[in-house]
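Dear colleague,

A summary of what was found follows it.

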Amino acid sequence: MNRRLLPRLLLTPAMATLFLWMIVPLVMTIYFSLIRYNLMQPDQTGFAGLENFEYFVTDPSFGAAVVNTVLLLGSVILITVFFGVAIALLINDPFPGRGIVRVLLISPFFVMPTVNALMWKNMMMNPIYGVLAQVWIFFGAAPVDWLTDHPLFSVIVMVSWQWLPFATLIFMTALQSMNHEQLEASRMDGANYLQQLRYLYVPHLGRSVAVVVMIELIFLLSIFAEIYTTTAGGPGDASTNVTFLIFKQALLNFDAGVASAGALFAVVLANIAAVFLIRMVGKNLDK
């Protein structure tokens, strides 16, 4: 009995601290979401019930924010999974300088989101002196103002560039555990590369794809720095996602109550996605 009790007592301070660190902000968010708390109207206080939630979901920007969030998540996940698998397969076989190539491929993941956004905004997508503008001019075409004409697509490109190394790293690691004897046997039986890709590589990468999708979906729900630094959610609501809409309610409208209600909506959305993806990952692990 003492042997079981002592480890639990030693773990209690750490577990209690972790519990408080998680539960206190959640309780405060729930509290603020149920009261009137607008910093510009300090005289209006009291219990609001579900008014903050109703105000948040009836915001004219809410529908566009949800659609943009879904498009952003889906596009980034598709791009990173497809190109991540392609790059991992491309550099899987030994070649001179493979180690250096792998380091260079992984390095964008360690760039801070704000730095990533500033680099794409000023160095790549600037319509006057950006790299893409110079390429367009070289081919005799008019430069494109990406952040104004295609704001959501621009954000998708920025985020995909940063998360592609993560997916590539996971897939590279998964390919190292491939059964090389099985590959050799398939070659001896006359299987070409496309057949190996369909029946050996893709099934083997199934679990890794599920893990990448789950992790990216959870983290990409909170994309904010790239939007704030480049498009500020515009033009209009063209690149506003749920996270940026919460920011607008909290800091631009000074309405902490509505922002808290939006934060709880985002938490529920993230948990629904997490439950769905955990089940998907579990099915892949059982195979």
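Which of the 36 residues in the largest nonpolar core touch the most other members? They are V159, F171, L175 and L220. A nonpolar core is here a set of buried Ala, Val, Leu, Ile, Met, Phe, Trp, Tyr and Cys residues joined through side-chain atoms within 4.5 Å. Two or more residues of this core come from each of α3 (62–90), α8 (151–175), α10 (193–204), α11 and α13, and α8 gives the most, with 11 residues. Helices are DSSP runs (H or I, at least four residues), numbered from the N terminus.

Please note that this is a predicted model, in which local features need pLDDT of at least 70 and side-chain atom pairs count only at pLDDT 80 or more, while totals for chains, interfaces and linings use all residues. Residues are numbered from 1 along each chain as its sequence is written, and side-chain values use heavy atoms, with hydrogens and water left out.

Helix α11 (residues 206–220) has 15 residues, which at 1.5 Å a residue should span 21 Å; its end C-alpha atoms are 21 Å apart, which agrees. The expected span is 1.5 Å times one less than the number of residues. The buried residues of α11 are G206, S208, A210, V212, V213, M214, E216, L217 and L220. Buried means under 20% relative accessible area, exposed over 50%, and partly exposed in between (1.4 Å probe, protein chains only).

Helix α13 is mostly covered, with 8 of its 11 residues buried: V242, T243, F244, L245, I246, F247, K248 and Q249. Just after α13, F254 takes a positive phi of about 55 degrees.

The loop between α12 and α13

Two backbone features deserve mention here. The peptide bond from G234 to P235 is cis, with omega near -5 degrees, and P235 is placed in the loop between α12 (225–230) and α13 (242–252). A232 is found in the loop between α12 and α13; its phi is near 55 degrees, a positive value in a residue other than glycine. A232 has a relative accessible area of 48% and is therefore partly exposed.

Salt bridges

How many salt bridges does the structure hold? There are 2, where a salt bridge is a side-chain nitrogen of Lys or Arg within 4 Å of a carboxyl oxygen of Asp or Glu. In one of them, the closest N and O atoms of R36 and E51 are 3.2 Å apart. R36 lies in the loop between α1 and α2 (51–57) and E51 in helix α2, so this pair ties together parts that are 15 residues apart in sequence. R36 is partly exposed at 31% relative accessible area, and E51 is partly exposed at 42%.

The side chains of K248 and D237 also meet in a salt bridge (3.4 Å, N to O). K248 lies in helix α13 and D237 in the loop between α12 and α13, so the pair ties together parts that are 11 residues apart in sequence. K248 is buried, with a relative accessible area of 18%, whereas D237 counts as partly exposed at 26% relative accessibility.

Aromatic pairs

The structure holds 20 aromatic pairs. Rings of Phe, Tyr and Trp (its six-membered ring) pair if their centres lie within 6.5 Å; planes under 30 degrees apart count as stacked, over 60 as edge-to-face and the rest as tilted. The ring centres of F109 and F110 are 6.0 Å apart and the planes stand at 70 degrees, so this pair is edge-to-face. F109 counts as partly exposed at 30% relative accessibility, and F110 as exposed at 64%.

The rings of W136 and W146 also form an edge-to-face pair, because their centres are 5.6 Å apart and their planes are at 85 degrees. This pair links distant parts of the chain, with W136 in helix α6 (residues 131–138) and W146 in helix α7 (residues 146–149), 10 residues apart. W136 is partly exposed, at 28% relative accessible area, while W146 is buried, at 12%. One aromatic cluster is formed by F109, F110, W163, F166 and F219.

Yours sincerely
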